[in-house]
Amino acid sequence: MSDTDKVVEELYVLARSASDNAYSPYSGARVGACVVDDKGNVYSGCNVENASYGLTQCAERNALAAAVAAGMKPGTAHTLLICATGFEILAPCGACRQVMSELLAGDALIVSCHSETQYQSWALAELLPDPFKLS
């Protein structure tokens, strides 16, 4: 079993459970995400849509915000798993990629699942090779 298989086995159920809480009346996309920090703490989030589409909050950013709110320090999360129900594998949007580049560890693993056996994974640098940085 690969390291990514183990991550999916450990986190899929949590992300899937978070997706059950999604508010997605416009797209029907129920997305959940889990973030794991260097201490093994797991933080979850789901997508929350809005009639003003630009105000929609993605599951990935909500999970990261929950982690920060709980005290996680930027750069200490090493894994982010996404579960989208009713869709094939979804790659994170550009806004999520930018937020991930600031809050995840540089060598973080991102996994997007369609099911417990169908998933795709990326290194953070693959998703956003040249992130916007102020320093």
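Tutor: Two residues are taken to be in contact when they have heavy atoms within 4.5 Å. Please keep in mind throughout that this is a predicted model.

Student: Which residues does Ser24 touch, not counting residues up to four places away in sequence?

Tutor: Ser24 lies in the loop between α1 and β1, and at 10% relative accessibility Ser24 counts as buried, because the cut-off for that class is under 20%. The C-alpha atoms of Ser24 and Val48 are separated by 6.3 Å, although these residues are 24 residues apart along the chain. Once residues up to four places away in sequence are set aside, the residues that Ser24 touches are Ala29, Arg30, Asn47 and Glu49.

Student: What is the order of the strands in the open sheet, and which strands stand at the edges?

Tutor: The open sheet has five strands with mixed pairing, in the order β2-β1-β3-β4-β5. An edge strand has a single partner, so one side of such a strand is left without a neighbour in the sheet, and the strands in that position are β2 (42–46) and β5 (119–123).

Student: What angle does the direction of α2 make with that of β2?

Tutor: From one strand to the next, the twist of the sheet averages 15°. Helix α1 (residues 3–19) packs on the sheet and touches β1, β2, β3, β4 and β5, with a direction that makes about 55° with that of β3. Helix α2 also packs on the sheet, where α2 touches β1, β2, β3 and β4, and the angle between the directions of α2 and β2 is about 140°.

Student: In which sense, parallel or antiparallel, do β4 and β5 pair?

Tutor: The two strands form a hairpin with five residues between them, and Val111 stands opposite Ser121 in β5. Over five bridges, the pairing of β4 and β5 is antiparallel.

Student: What is the handedness of the crossover from β3 through α3 to β4?

Tutor: Strands β3 and β4 run parallel and are joined by six bridges, and the bridge partner of Leu81 in β4 is Val111. The chain crosses from β3 to β4 through α3, and this β-α-β crossover is right-handed.

Student: Which elements do the buried residues of α3 pack against?

Tutor: In helix α3 (residues 94–103), the buried residues are Cys96, Met100, Ser101 and Leu103. One of the elements in contact with them is β4, which is itself mostly covered, with seven of its 10 residues buried.

Student: Which residues have the most contacts inside the largest nonpolar core, and how many residues are in the second core?

Tutor: The largest nonpolar core has 24 residues, and those with the most contacts inside it are Val35, Leu64, Leu80, Met100, Leu104 and Ile110. The elements that give two or more residues to this core are β1 (30–37), α2, β3, α3, β4 and α4. Leu104, leaving aside its neighbours within four places in sequence, is in contact with Val35, Leu64, Gly75, Ala77, Leu80, Ile110 and Leu124. A second, separate core includes Val7, Leu11, Cys34 and Leu81, and the number of residues in this second core is 11.

Student: Is Asp130 buried or exposed?

Tutor: Asp130 lies in the segment after α4. Asp130 and Thr4 are 126 residues apart in sequence and 24 Å apart in space, C-alpha to C-alpha. The relative accessible area of Asp130 is 70%, and because the cut-off for the class is over 50%, Asp130 is exposed.

Terms used. Residues are numbered from 1 along each chain as its sequence is written. This is a predicted model: local features need pLDDT of at least 70, side-chain atom pairs count only at pLDDT 80 or more; totals for chains, interfaces and linings use all residues. Side-chain values use heavy atoms; hydrogens and water are left out. Buried means under 20% relative accessible area, exposed over 50%, partly exposed in between (1.4 Å probe, protein chains only). Helices (H or I, at least four residues) and strands (E, at least two) are DSSP runs, numbered from the N terminus. A nonpolar core is a set of buried Ala, Val, Leu, Ile, Met, Phe, Trp, Tyr and Cys residues joined through side-chain atoms within 4.5 Å. Two strands pair if DSSP finds at least two bridges between them. Axes are lines fitted to C-alpha atoms, for helices over the stretch in contact, and angles run from 0 to 180 degrees between N-to-C directions. A crossover is right-handed if, with the strands pointing away from the viewer, the path from the first strand over the helix to the second runs clockwise.
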